[in-house]
Amino acid sequence: MRILIVEDETAISAFLKQGLEEESYAVDVADEGKTGLQLALSGDYDLLLLDWALPGLSGIEICRQFRKEFLDIPIIFLTAKDTVDETIFGLQSGANDYVKKPFHFEELLERIRVQLRPKSGEHSTFKLGKIILNTETHQVHKGDQEIILTQKEFALLEYLIRNKGKVCRRMRIIESVWDMHFDYNTGVIDVYINALRKKLKLSEEENYIQTVRGIGYIAKD
Ligand code: CA
């Protein structure tokens with residue numbers, strides 16, 4: 001899952017980025033409005049976290065313009081504008097939730113989880129052969145055994161499992177799991193795939209994560 005933060009106070013955005021990355025989200029930051037809108041409109045994000053008062057373009061304007069293109073991607077305001085009228089105005093501009101500064105990270109995290117919660121009919125557990133991944137508890141099991149993964153390994157496995165049966169291009173994996181400052185030329189993705197295969201102790205019959213030569217990877221039961 002990839003989140004875009006549009007926030008001009010770098011102390012706040014750095015704190016948020018670190019906290020959210022520890023929860024295995026991929027996070028990009030824009031520190032002014034126009035860049036924020038441009039990035040948001042790339043369509044690469046699962047959620048936007050918007051400040052209201054921003055140089056360039058206000059969060060409200062970003063929200064309105066973004067909603068013309070993307071109806072389903074959740075937007076959360078994170079702002080010092082705390083009156084009832086402002087809150088209502090923010091929500092009416094197309095935001096799904098409104099969090100006032102100062103905020104508690106744990107609460108914000110929970111609100112993000114609520115927005116990204118599987119829609120009814122979707123499940124929070126995903127299966128790949130003998131492997132079960134739970135996006136709510138952040139646990140991975142193979143049979144009875146729990147497999148301890150790093151945040152990035154978990155995010156990578158989640159991406160592959162969510163796209164089970166489809167060829168996942170390396171670029172798409174990188175965009176979803178790492179942030180935009182990632183060096184696309186490094187072989188780090190292969191290192192992570194190998195680490196994942198090792199930790200999951202995949203035998204020859206359990207060829208769940210297959211390499212698609214020159215393109216990327218595919219998850220198969
Ligand atoms: Ca601001």
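**Close-up views of a predicted model**

Helix 5 gives the largest share of the lining of the second largest pocket, with 4 residues. The model is predicted: local features need pLDDT of at least 70 and side-chain atom pairs count only at pLDDT 80 or more, while totals for chains, interfaces and linings use all residues. Residues are numbered from 1 along each chain as its sequence is written, and side-chain values use heavy atoms, with hydrogens and water left out.

**View A. The second largest pocket holds about 280 Å³ of space.** Of its 15 lining residues, the closest to the centre are Y25, R113, L116, T135 and E136. Helix 5 (105-116) and helix 6 are the elements that give two or more residues to this lining; helices (H or I, at least four residues) and strands (E, at least two) are DSSP runs, numbered from the N terminus. At least three lining residues come from each of domain 1 (2-116) and domain 2 (125-219), with domain bounds taken from an automatic or database domain assignment. A pocket is an open set of points on a 1 Å grid over the protein atoms alone, where a 1.4 Å probe fits, with protein on both sides within 12 Å along at least five of seven lines; lining residues have an atom within 4 Å of a point. Grid points are joined across faces, edges and corners, and a volume is the space filled by probe spheres set on the points.

**View B. The largest pocket has a volume of about 340 Å³.** It is lined by 16 residues, of which D44, D46, Y159, R172 and S176 are the closest to its centre. Two or more lining residues come from each of helix 6 (151-162) and helix 7 (170-177). Because domain 1 (2-116) and domain 2 (125-219) both give residues to the lining, the largest pocket lies between them.

**View C. The calcium ion is coordinated by D8 (OD), D51 (OD) and A53 (O), at 2.2 to 2.4 Å.** D8 is in the loop between strand 1 (2-6) and helix 1 (10-22), and D51 is in the loop between strand 3 (47-50) and helix 3 (59-69), so the pair ties together parts that are 43 residues apart in sequence. Donors are N, O and S atoms within 2.8 Å of the metal (3.2 Å for Na, K and Ca); water is not among the atoms, so sites may look incomplete. D8 is partly exposed, at 32% relative accessibility, whereas D51 is buried, at 5%. Buried means under 20% relative accessible area, exposed over 50%, and partly exposed in between (1.4 Å probe, protein chains only).

**View D. A30 lies in strand 2 (residues 26-30).** A30 is buried, at 3% relative accessibility. Its contacts (heavy atoms within 4.5 Å), not counting residues up to four places away in sequence, are L4, I5, V6, E7, T35, G36 and L39.

**View E. S93 is found in the loop between helix 4 (84-92) and strand 5 (97-100).** At 7% relative accessibility, S93 is buried. S93 touches I60, C63, R64 and R67, residues up to four places away in sequence not being counted.

**View F. The peptide bond from K101 to P102 is cis, with omega near -5 degrees.** P102 lies in the loop between strand 5 and helix 5.
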